[in-house]
Amino acid sequence: MLLIVVAFGLSAAAVVGVVHLLDNRPTMVVPRCTATVDGTTWGLAPDQADNAALIVATTVRRDLPDRAATVGLATAIQESKLRNLNYGHADSLGLFQQRPSQGWGTPEQVTDPVYATDTFFDHLVQVPGWEDLPVTEAAQAVQRSAYPDAYADHESSARTWASGLTGHSPTAVSCTLTDPEGVGSAEALADRIVRDLGQLPVQTVEPGVLVVEAQALDPAQADRMAWAVGQWAVAVADTQQIVTVQVGDRRWTRDGTWTTADDPPAPGTVRITLA
């Protein structure tokens, strides 16, 4: 009986030890980006959010109506799941599955996300009355898809992401990310700003800290432009090694939270800190 008791005692101790080890395991972070508006949340992987940021930033840069962002996102979600594909039906390629054989451009062009996005909007704005059409009809007028009603399936998620990335819904966009894989480059980030948003004034105020004058996009809507650029920065944070984004007194960090912060940047500007 003594031997049995001792053996049981050892087993219990072992179990307690295992439980203790399990309780102290580091929490695994699953990189994820979300947009939440009116209690509804839609998630994307970081690479999808990066492409969503480009699409919406293009509408901001081109001063298109906000509806363009929703149409563009719904289209790209349906066509490629917001990924720059090097394959597709027949010769369809890229974010919008544009076909070189149908005059959309060379394979190299349609797999360039900037070219593909600008070309999509070039065609959209030529559709008569596109702003008043249902989203799926506006998208279909450009895409000529075999599934003309499919874009409607993504209208809600597209509208939510568009609301955040156009700055209409502050703190709507957030990403939960692992630690940066390397040191961020101020030059690379400045180039990405020009690529997506245009020639905005950018100042490096200290090593690895940039201040973007978002109000230059639309001085009459300086606050909204700051939120548009700030949430764009959150959506591209994974590829650009961004660790914090601050708009006014709200600061995003890679744990996925927006918190109240001191020393806000000037109104209409965004402060971005790199790894």
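1. Basis. Because the model is predicted, local features need pLDDT of at least 70 and side-chain atom pairs count only at pLDDT 80 or more, while totals for chains, interfaces and linings use all residues. Residues are numbered from 1 along each chain as its sequence is written, and side-chain values use heavy atoms, with hydrogens and water left out.

2. The chain. The secondary structure comes to 10 helices and nine strands, taken as DSSP runs (helices H or I, at least four residues; strands E, at least two) that are numbered from the N terminus. Of the 275 residues, 46% are buried, meaning under 20% relative accessible area with a 1.4 Å probe, protein chains only.

3. The sheet. Six strands make an open, antiparallel sheet in the order β4-β5-β9-β6-β7-β8, where two strands pair if DSSP finds at least two bridges between them. Its edge strands, β4 (202–206) and β8 (257–260), each pair on one side only.

4. Strand β7 (residues 250–253) is joined to β8 in the antiparallel sense over four bridges, and Trp 252 stands opposite Trp 258 in β8.

5. The helix on the sheet. Helix α9 (residues 222–235) packs on the sheet and touches β5, β6, β7, β8 and β9, contact meaning heavy atoms within 4.5 Å.

6. A buried residue. Why does Gln 240 count as buried? Gln 240, which lies in helix α10 (residues 237–240), counts as buried because its relative accessibility is 12%. Leaving aside residues up to four places away in sequence, Gln 240 touches Gly 184, Ala 188, Leu 189, Arg 192 and Leu 274.

Conventions
Axes are lines fitted to C-alpha atoms, for helices over the stretch in contact, and angles run from 0 to 180 degrees between N-to-C directions. Buried means under 20% relative accessible area, exposed over 50%, partly exposed in between (1.4 Å probe, protein chains only).
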